[in-house]
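Please read them with the model open.

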Amino acid sequence: MSRTKKDFLDLIQKQRKKKKKEKFEGNFLEYLEMIKENPEKIKLAHKRLYETICDHGLETVDVGSDSYRDIFNGDKIRTYDYFKEEFFGMESVINKLMRFLKSAAHKGEESRQVLLLMGPVGAGKSALTEHIKRALDGQRYYHLEGDPQRGEPLQLIPRSLRSEMEDVLGVTIEGDLSPIARWDLLNKYEGKYENFKVVESTYSQRGRRGIAVVPPMDANSQDTSVLIGTEDISKLDLYSEDDPRVLSLNGAFNVGNRGIVEFVEVFKNEIEFLHTMLTATQEKRVPTPGKHDMIFFDGVILAHCNESEWNRFKSEHTNEAILDRVVKINVPYVLELDQEKKIYQKMIRRSDFRNAHIAPHTLKIASMFSVMSRLQPSRKCDLLTKMKIYNGEAIIEKGRVKKVDIRDLKDEAQHEGMEGISTRFIMKSLDSALSDSDNGMITPINVVDSLIKQVKEQIIDEDAKTRYLEILQKIIREEYLRILETEIAKAFITAYEEQAQSLFDSYLDNAECFTTKTKVKNKITREESEPDEKFMRTIEEMIGVVGSARDGFRNDVTAFMFSKMRKGETVDYRSYGPLKEAIEQYLISSVKDIARIVTRSKSRDDNQKKKYTDMIDTLINEYGYNESSAEEILTYASNNLWRDS
């Protein structure tokens, strides 16, 4: 439907009416009445930011649950709704950040510290900083009219009256007027601060209200006016040097007062340029240009840098004063496979490739490469196992969940996550694979090819290049073939879930009777019989449970299942990892032979053609392939799987 000019005008006016909201304008006495009714309106910068983020919602994660127990080692973790849809695998980083803000909100030592996010390129430091700043965007606050610092109006109250006024209002009054606001008070209002006009504004990065950004400056062009403003030379002919009216307070610390000042790649600046940070943190004051007193500053100083810059800066002993005023939070790459995959899902969803067909396991394979590139080798397990443990997966070995303490793994590799392949590298490879695709489709096969090409072209360090190629060409290739073999075999099984559950129920009945030394009762005929030893052994042998280990395995399964039932939890074939794997292997082994024959056969008979067609339909309807991607992975399987057949 075409739109007329009137339609467009209606849309514009509708949006304008919706956006319009009355803002407070009044004198200082009216402001005092409002504060008396609602003292919570008075907030310092750290408290305002902390509460704004928390207001979106938060919850404490049950670290005893299966999904979080292994990943967080029982550490107390909160998830904040404000970050939930944007950041994945960064719970620990966000918790440290919010802990800093909470302490600073209570006027702890952190309120006089710089918050520094330090990590490798592409780890999400800048994105996290931007998201934090966006929390304030649009929030309302009150300030003195005409004050470039947009100072808290309560700073009008003389120090001799503050104690009494604090008792009346139920608030704490901090800070002093800016030189310009003081000049207005003495001259424009003749000292009668009760008449000073108070206005309401919103935080805005674009409007330079309460949110300021300091980019890295070239050593030859560094100028502290970027931080503290300048003197307006054109006004020096009209006023004396010490007249506040010559000041142009438009520096980052002026703009970011009562909000946030961000330092981008902070340590690329010369040390002299950063001295203003010291007074801003230690004394909550910043210099003014020319011959004027220092100005009160209340704001969150948020900086970020790469590790190389941090190491260079801290190696200089002359920088100790600033280092003592920094709270550093490491922002490593994500080390959890499922969370890494969510990052790429989000990025593709927001790109023009969002409608492309991405075959199952494609993003998982890409994520496996990025995560394993970041892991350090361990004596306790191989790289693939380590990745699965970090992802909270149960590792089954001889019928038991392999016990590898995640804390031990992390203790022996404390620098883990600070090096490796970045998310940008993976996205470039995904974009390249999608751009090269003739049918708007990518599969694990062409994504691995794209990654190999990018590693060969982009990675300069030869040792790193060799290691990355080994991960791609050996570890990931073998793991994908295992995934593919299982998936193709599953596609042959009609009603897979029902068959797996039926096997589980039957095994559990037999194992329970074996453990309690009772007989199995047929649910239809009500006849009793001994537990089916042959059936149980067939299942158990799938995961290497043989001989004397059988009794222990059956006891473990029975005890685990009844424990879950007592807690009112759902029990199905997926409940106990080792038994789940045994049942799946049993089902898959029963169809592998026919799967390999049908997949590899170049001249299929009618029965094989039907099975092949049914398998394609299953891959499309149940597993998420389309016809082209299903054909591609089956061709790959026929060339790479079951070579001994």
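1. A residue counts as buried when its relative accessible area is under 20%. Arg374 has a relative accessible area of 2%, so Arg374 is buried. Keep in mind throughout that this is a predicted model.

2. Where does Arg374 lie? Arg374 is in helix H16, which covers residues 362–374. The side chain of Arg374 reaches the backbone oxygen of Ile421, and the distance is 2.8 Å.

3. Now the surroundings of this arginine. Neighbours within four places in sequence are set aside here. Arg374 is then in contact with Tyr333, Val334, Leu335, Glu340 and Tyr344, among others. The contacts of Arg374 also include Glu416, Gly417, Glu419, Gly420, Ile421, Ser422 and Thr423.

4. Next, the rings. How many aromatic pairs are there, with ring centres within 6.5 Å as the rule? The count comes to 17 aromatic pairs. Take Tyr31 and Tyr142: their ring centres are 5.8 Å apart and their planes stand at 55°, so this pair is tilted. The pair links distant parts of the chain.

5. Phe267 and Phe313 make a stacked aromatic pair. The rings are 4.0 Å centre to centre, with 20° between the planes. Phe267 lies in the loop between strand E10 (260–263) and helix H12 (275–282), while Phe313 lies in helix H13 (residues 307–314), so the pair ties together parts that are 46 residues apart in sequence. Phe267 counts as buried at 2% relative accessibility. Phe313 is buried too, with a relative accessible area of 3%.

6. Return to the tyrosine pair, Tyr31 and Tyr142, because their ring centres at 5.8 Å fall within the 6.5 Å limit for pairing. Both residues belong to one aromatic cluster, formed by Phe24, Phe28, Tyr31, Tyr142 and Tyr193.

7. Last, charges over rings. The charged end of Lys346 sits over the ring of Phe87, and its distance from the ring centre is 5.7 Å. Arg554 lies over the face of Phe514, 4.5 Å from the ring centre. Please check both places in the model.

Notes
Residues numbered from 1 in each chain as written. Predicted model: local features only at pLDDT ≥ 70, side-chain atom pairs only at ≥ 80, totals over all residues. Heavy atoms only, no water. Phe/Tyr/Trp six-rings, centres within 6.5 Å; stacked < 30°, edge-to-face > 60°. Helix = DSSP H or I, 4+ residues; strand = E, 2+ residues; numbered from the N terminus. Buried < 20%, exposed > 50% of the residue type's maximum accessible area, 1.4 Å probe, protein only. Lys NZ or Arg CZ within 6 Å of the ring centre and 35° of its normal. Polar contact = N/O pair within 3.5 Å; in protein donor to acceptor, adjacent residues only side chain to side chain. Contact = heavy atoms within 4.5 Å.
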